[in-house]
Amino acid sequence: MSNNPFYDPSLKHRHRSAYMLKLLSRLSILFTLGFLLFFLFDMVRTALPATWQAYVQVEVSYSERAKKFTRTAVPKEYRKVVSRAWLRNIPRQMEEDPGLLGTTQLLWVLADDQVDQYLKGHYHNLKEKEIAFIERLKTENTIKLDWNGVFFNNGDSKIPEYAGIRSAIVGSVLTMLVTMAIAFPIGVMTAVYLEEFAKDNAFTHFIEVNINNLAAIPSILFGLLGLSVFINLFGLPRSTPLVGGMTLALMTLPIIIVSARAALRSVPASIRQAGYGLGLTKLDIVKDHVVPIAMPGILTGSIIGLAQAIGETAPLIIIGMIAFIPDTPQSIVEAATVLPAQVFTWAGMPERAYVEKTAAGIIVILVILISLNATAIYLRKKYETKW
Amino acid sequence: MKKLFFAFFVLLLCQPAFAREQIKVVGSSTVYPFSSFVAEEFGSVSRYPTPIVESTGTGGGMKLFCSGNGMNTPDITNASRRIKIKELELCQRNGVSNISEVMFGYDGIVIAQNVDKDPIELTVRDLLLALAKMVPNKSGNGLVENTYEYWDEVNPDLPRRKIKVYGPPVSSGTRDAFEEIVLQYQTEGMKVYRDAGLKGYRLIRTDGLYIPSGENDNLIVQKLTKDKDAFGIFGYSFLAENSDIISGININGYKPTSENIASKKYPISRSLFIYVKNDHIKEVPAMEEFLAMFLDPAIIGEEGLLTEIGLIPMDEGRIDAAMERVDSKESITLDELKLALRDLE
């Protein structure tokens, strides 16, 4: 072997190093995957009970007395079992349907959160007498766990069984509409100007550096900016999707600009030159050729920016969107909260029934983020042109 | 489209001038669960929209509340302590001069441990010696840096357990109250601290045995399930909701129960307040109804709904007094506040 002129005594060692490197990188991937799987598993496991909600069958008597003292609408032993939030709505039900007055109806109604937690085998603070009563209802089949529609149809509530995520979803959608309506056109126009029209001088370099810097600024600073400019200076209403969306737009802008510029840059110069050769103006070339070709890239970047904005909470604390707002907002100037803010609020609640709600809220956010990112990948794969 | 935008902006600009339907509440994160509970009740029972309740912390709430009298400012602020003289002065400088102060109940601060551990009895003095940054030396004639590591060093009657306490961070109102009641009230009466020029000393040790654990009390509860040797400090409602995994510790011989906290036998408790901007009542007609509902004995009374989520109720006389304060729209004055603070000392 030593006669072989190509024999390198360190070869074995070098191969081993290469192998080690491969092993290490595999380990790090496994490590990340492990964390991710653990997180997902834990979340899904905690969130799963939230898909079910306890309902109880009870005779509801719609009397004049029940309108005033709603607790008297159900038999006495049911008063701890039926949700107070449902009872509270009795006068409203009677107002909407005056024919109810004086009737007695056998209804499946929402059960109290303690009952719900008991049926799910979680911690509860029911007394023995109440447990015995629930066990009796169980044998009579007049209490059940059913699909938790409440979670998707209601806004936040301090009564755990009545709490839902709807107002937060609508708030998030409204906020994102405002964000995109502002950030997308401004971002794309800025990118088009910088890539296609601007001269390459110190000033444009200065702008470029600033945009890249903006992308790295902690998001809470944008919240402070939103507070002092939009709320204090312009006098726009606090806690609204309008202000929230504008603030998040500032945060999303640099991401859109940077990705849109990259997309525009990847359009080959030959396209532009062919356009000039045919006598097109700069406007024609940009409008009809460069931007459409770059669109998949621009959209991908914008969607990623949007996904980041959806998960953002810190700047919204400062402009008052982390608040108790159970009513679903109807417009962008009404007070609203957003999905991550809702999760944050629930995580701090003392009642144990909120644990599963918190996890379910996180799952909703994850599903939205995954579908957004999947759309981005789909768009890129489908419309991307290779040169 | 252009017209639409124009109309939209005109609408925006006009908004502050109109009377407002929706009440705006800010303030303490301790009071937040209670006031948002009432807000929800109010939203579902009255014809007005549900009030917005923001949890900004007592100090943050005061800042917003006192920033002016305009319709963009909050109508009510929650506080887990009384308004400070400085804050009231700020209010008055900004023209917010007619404020009602309403006390509506108590909150207990509990020390708890893992439910598996043997029960232990502490006194506020034990807590002072275990948690203050400077403590009296062995002979009691001077102050030294706190070096106690085990509870039996603090008080020979206690078991040999490591001192390890998870509690709220500096920004928290709970921490404020804890420092005041456990440290300040005691050190004010102790000669050693007075002699050292540290009358009313209230600093908690920072050598790692007291562990600041974030504003979220659920986190502290979770830590106690894992770390069985440790103690945790948090609001009473979290003890009530988690009695399967943690147990409260008797202080000065009294269990942290609703009755003991209300009767002040359990020593670590504080009063909860709301501050009302009376100048807004005209423009925000919902306020009067909201306050009437809030102070109803069915809400804050002994059998009231808020007791279910951990409020320690006041006696009826005090509830009546609170209602009267709201009805009379009587403003709190600087002199009154200064007088009350002097009484405390």
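Buried denotes a relative accessible area under 20%. The legends below describe close-up views of a predicted model.

**View 1. Salt bridge between A:D116 and A:K120.** The closest N and O atoms of A:D116 and A:K120 are 3.0 Å apart, and the two residues form a salt bridge. A:D116 counts as buried because its relative accessibility is 3%. A:K120 is likewise classed as buried, at 18% relative accessibility. Side chains of opposite charge can pair when their charged atoms come close.

**View 2. Salt bridge between A:K287 and A:D288.** The side chains of A:K287 and A:D288 meet in a salt bridge, with an N to O distance of 3.7 Å. A:D288 has a relative accessibility of 42% and therefore counts as partly exposed.

**View 3. Salt bridge between B:R20 and B:D75.** In chain B, the side chains of B:R20 and B:D75 meet in a salt bridge at 3.0 Å, N to O. This pair links distant parts of the chain, its members being 55 residues apart. B:R20 is in the loop between α1 (2-14) and β1 (24-27) of chain B, whereas B:D75 is in the loop between α3 (58-65) and β3 (76-79) of chain B. B:R20 counts as buried, at 14% relative accessibility. B:D75 is also buried, with a relative accessible area of 0%.

**View 4. Salt-bridge network of A:R84, A:R88, B:E40 and B:E41.** Salt bridges with shared partners join A:R84 and A:R88 of chain A with B:E40 and B:E41 of chain B into one network. Over all chains, the count comes to 35 salt bridges.

**View 5. Nonpolar surface patch that includes A:L40.** A:I29, A:L33, A:L36, A:F39 and A:L40 form a nonpolar patch on the surface. Together these residues present about 440 Å² of accessible area. One of them, A:L40, is found in helix α1 (residues 11-47) of chain A. A:L40 counts as partly exposed because its relative accessibility is 32%.

**View 6. Surroundings of A:T240.** A:T240 lies in the loop between α10 (219-233) and α11 (241-265) of chain A. With a relative accessible area of 1%, A:T240 is buried. When residues up to four places away in sequence are not counted, A:T240 touches A:M321, A:I332, A:V333, A:E334 and A:A335.

Notes. Residues are numbered from 1 along each chain as its sequence is written. Chains are lettered from A and ligands numbered from 1 in the order in which they are written. This is a predicted model: local features need pLDDT of at least 70, side-chain atom pairs count only at pLDDT 80 or more; totals for chains, interfaces and linings use all residues. Side-chain values use heavy atoms; hydrogens and water are left out. A salt bridge is a side-chain nitrogen of Lys or Arg within 4 Å of a carboxyl oxygen of Asp or Glu. Buried means under 20% relative accessible area, exposed over 50%, partly exposed in between (1.4 Å probe, protein chains only). Helices (H or I, at least four residues) and strands (E, at least two) are DSSP runs, numbered from the N terminus. Patches are made of residues with over 30% relative accessible area and no salt bridge: like charges are joined within 9 Å, nonpolar side chains (Val, Leu, Ile, Met, Phe, Trp, Tyr) within 5 Å. Accessible areas come from the Shrake-Rupley method with a 1.4 Å probe; for residues, only the protein chains shown count as cover. Contact means heavy atoms within 4.5 Å.
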